[in-house]
Amino acid sequence: MSKGILVVDDAAFMRMMIKDVLTKYGFDVLGEAENGAKAIEKYKELNPDLVIMDITMPEVDGIQAVKEIKKVNPNAKIVMCSAMGQQAMVIEAIQAGAGDFIVKPFQADRVIEAVKKVLG
């Protein structure tokens with residue numbers, strides 16, 4: 001059974017790139033969201049196996065969204081996505097409950113490695 005993933009990023013091209021990598025490796029992208037508020041809604045609606053979440057987004061940022069998703073499901077599996085130089089935010093995201101992180105611009109194999117690690 002393929003694992004369902006929710007892709008969250010405010011940049012449409014980033015969502016598309018992540019989606020392409022995931023589908024190429026046999027993962028099922030259940031949906032996408034362009035900000036943390038929508039991510040929380042979609043998480044409740046789709047109940048994905050994993051969320052790939054950007055940190056910096058309008059409305060609700062990735063860290064706040066992780067905290068909210070963890071309230072909905074304490075076992076939620078989340079991989080954070082951050083640009084270079086956001087180490088403090090990455091640490092905060094991990095403390096909030098993210099299982100791993102990938103740094104943009106990312107390599108396809110690093111995305112898959114993080115996904116596999118968090119999904120176990």
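Is E59 buried or exposed? In this predicted model, E59 is exposed, with a relative accessible area of 70%, and the residue sits in the loop between β3 and α3.

**Helix α5**

- Helix α5 spans residues 108-119, and its 12 residues reach 17 Å from the first C-alpha to the last, which is close to the 16 Å expected at 1.5 Å a residue.
- The buried residues of this helix are V111, I112, A114, V115, V118 and L119, and because they fall within an arc of 160° when seen down the axis of α5, they line one face of the helix.
- The face of α5 that is turned away from the buried side carries D109, E113, K116 and K117, which are exposed.
- The packing partners of the buried residues of α5 are the strands β1 (4-8), β3 (50-54), β4 (78-83) and β5 (100-104), together with helix α1 (12-24).
- Just after α5 comes G120, which takes a positive phi of about 80°.

**Helix α1**

- Helix α1 has 13 residues and reaches 18 Å from its first C-alpha to its last, close to the 18 Å expected at 1.5 Å a residue.
- Within α1, the residues M14, R15, I18, V21 and L22 are buried, and they cover an arc of only 130° around the axis, which puts them on the same side of α1.
- On the other side of α1, F13 and K24 are exposed.
- The cover over the buried residues of α1 includes the strands β1, β2, β3, β4 and β5 as well as helix α5, and α1 is in turn listed among the elements against which the buried residues of α5 pack.
- Helix α1 is followed by G26, whose phi is positive and near 85°.

**The pairing of α3 with α4**

- Helix α3 (residues 62-72) and helix α4 (residues 87-96) pack at an angle of about 5°, with their axes 9 Å apart, and that angle makes α3 roughly parallel to α4.
- On the α3 side the contact is made by I63, V66, K67 and K70, which meet M89, E92, A93 and A96 in α4.
- The residues of this contact divide into 5 nonpolar and 3 charged, with no polar ones.

**Two residues and their surroundings**

- I69 is found in helix α3 and counts as buried, since its relative accessibility is 0%.
- Not counting residues up to four places away in sequence, I69 touches A39, I40, Y43, M53, A76 and I78.
- The C-alpha atoms of I69 and F101 are separated by 17 Å, and these two residues are 32 residues apart along the chain.
- L30 is found in strand β2 (residues 28-33) and counts as partly exposed, because its relative accessibility is 37%.
- When its neighbours within four places in sequence are left aside, L30 is in contact with G4, I5, L46 and P48.
- L30 and V118 are 88 residues apart in sequence, and in space they lie 17 Å apart, C-alpha to C-alpha; V118 is one of the buried residues of α5.

**Backbone in the loops**

- The peptide bond from K104 to P105 is cis, with omega near -10°, and P105 lies in the loop between β5 and α5.
- N47 is not a glycine, although it has a positive phi of about 45°, and its place is in the loop between α2 (36-46) and β3.
- With a relative accessibility of 52%, N47 counts as exposed, given that the cut-off for exposed residues is over 50%.
- E59, the residue of the opening question, is likewise described as not a glycine, and it has a positive phi of about 65°.

Key:
Residues numbered from 1 in each chain as written. Predicted model: local features only at pLDDT ≥ 70, side-chain atom pairs only at ≥ 80, totals over all residues. Heavy atoms only, no water. Helix = DSSP H or I, 4+ residues; strand = E, 2+ residues; numbered from the N terminus. Expected span 1.5 Å × (residues − 1). Buried < 20%, exposed > 50% of the residue type's maximum accessible area, 1.4 Å probe, protein only. Arc of directions from axis to C-beta. Contact = heavy atoms within 4.5 Å. Axes fitted to C-alpha atoms, helices over the stretch in contact; angles between N-to-C directions. Parallel < 35°, antiparallel > 145°, perpendicular 65-115°, else oblique. Nonpolar A, V, L, I, M, F, W, Y, C, P; charged D, E, K, R; others polar.
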